[in-house]
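Let's take a walk through a protein model together. Have the sequence and the 3D view ready, and turn the view around as you read.

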Amino acid sequence: MYNEISIIDRVRLMKLTLYTDYSLRVLIYLGAKEEGELSNIQEIADAYQISKNHLMKVTHELGKLGLIETIRGRKGGIRLAKKPEEINVGKVVRKTEDHFELVECFQPGGGNCVISPVCGLKHALAKALQAYLKVLDEYTLADLVHNPLELRSLFQND
């Protein structure tokens, strides 16, 4: 039973966290807007039908990373701080994911797996992780929002 749970947990770790998912969604939303056009967190939460509270944390971090800027005041809001072609998807994922420890031996200190010193799995997974990130490095936000009119129409909440 322990091995089954362990395998299930490992597979779960191979997907992006909601935090990264939401970060990418915010960037896509803002990238689909006209250049310089302001949005707000509630508008984005409504478009994706997700929690405004989660998005507040995400947008705060995206601001700290220099990816979005916040304009204060009555007519304020948020917008991209960079052009979509300057925002690399791989870099965003690396900055927003809290860990890439696919298996126990990837953890600091190497974990407690007895076969770790001679295991081929960790090398295969490390190579797969690098390939995954390499593919993401090939994309910018501009690639993800190449169809802004279609995206904007999907974001409409009637």
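What follows goes from the overall layout to the core, then to salt bridges and the surface.

## The overall layout

First things first: this is a predicted model. The protein chain has 158 residues, and 34% of them are buried. Its secondary structure comes to eight helices and two strands. Reading from the N terminus, the order of elements is α-α-α-α-β-β-α-α-α-α.

Take the contacts between residues at least 6 apart in sequence: 63% of these join residues at least 24 apart.

The average pLDDT for the chain is 86, with 89% of the residues scoring at least 70. Among the elements, α7 has the highest mean pLDDT (97), while helix α1 (residues 2-13) has the lowest (46).

Have a look at the start of the chain. Over residues 1-13 the pLDDT stays under 50, and the model has six contacts beyond four places in sequence for this stretch. Where pLDDT is low, the predicted coordinates should not be read in detail.

Now for the inside. In soluble globular proteins, nonpolar side chains tend to be buried together. Here the largest nonpolar core has 36 residues, and those touching the most other members are Leu27, Leu30, Ile44, Leu55 and Phe155. Two or more core residues come from each of α2 (18-32), α3 (41-48), α4 (52-64), β2 (77-80), α5, α6 and α8 (148-155). The largest share, eight residues, is given by α2.

Who does Leu27 meet? Setting aside neighbours within four places in sequence, Leu27 is in contact with Leu62, Leu67, Ile68, Leu80, Ile87, Val92 and Leu141. Ile28 sits in helix α2 and is buried, at 18% relative accessible area. Beyond four places in sequence, the contacts of Ile28 include Tyr48, Leu144 and Phe155. Ile28 and Leu144 are 116 residues apart in sequence, yet their C-alpha atoms are 6.8 Å apart in space.

## A buried spot in a loop

Is Thr140 buried or exposed? This residue is in the loop between α6 and α7 (141-144), and Thr140 counts as buried because its relative accessible area is 17%, under the 20% cut-off. Leaving out residues up to four places away in sequence, Thr140 touches Pro84, Glu85, Ile87, Asn88 and Val89.

## Charged partners

The model has eight salt bridges. In one of them, Lys33 and Glu43 come together with N and O 2.8 Å apart. Lys33 lies in the loop between α2 and α3 and Glu43 in helix α3, so this pair ties together parts 10 residues apart in sequence. Lys33 also forms a salt bridge with Glu37, where the closest N and O atoms are 3.6 Å apart. Lys33 is buried at 16% relative accessible area, whereas Glu37 is partly exposed at 32%.

Another salt bridge joins Arg79 and Glu69, at 2.6 Å from N to O. Arg79 is in strand β2 and Glu69 in strand β1 (residues 68-71), so the pair links distant parts of the chain, 10 residues apart. Shared partners join Lys33, Glu37 and Glu43 into one network.

Which residues make a nonpolar surface patch? Val114, Ile115 and Val118 do, over about 350 Å². Val114 is in the loop between α5 (89-96) and α6 (121-137), and at 76% relative accessibility Val114 counts as exposed.

Definitions and conventions:
Residues are numbered from 1 along each chain as its sequence is written. This is a predicted model: local features need pLDDT of at least 70, side-chain atom pairs count only at pLDDT 80 or more; totals for chains, interfaces and linings use all residues. Side-chain values use heavy atoms; hydrogens and water are left out. Patches are made of residues with over 30% relative accessible area and no salt bridge: like charges are joined within 9 Å, nonpolar side chains (Val, Leu, Ile, Met, Phe, Trp, Tyr) within 5 Å. Accessible areas come from the Shrake-Rupley method with a 1.4 Å probe; for residues, only the protein chains shown count as cover. A salt bridge is a side-chain nitrogen of Lys or Arg within 4 Å of a carboxyl oxygen of Asp or Glu. Helices (H or I, at least four residues) and strands (E, at least two) are DSSP runs, numbered from the N terminus. Buried means under 20% relative accessible area, exposed over 50%, partly exposed in between (1.4 Å probe, protein chains only). A nonpolar core is a set of buried Ala, Val, Leu, Ile, Met, Phe, Trp, Tyr and Cys residues joined through side-chain atoms within 4.5 Å. Contact means heavy atoms within 4.5 Å. pLDDT is the predictor's confidence in each residue, from 0 to 100.
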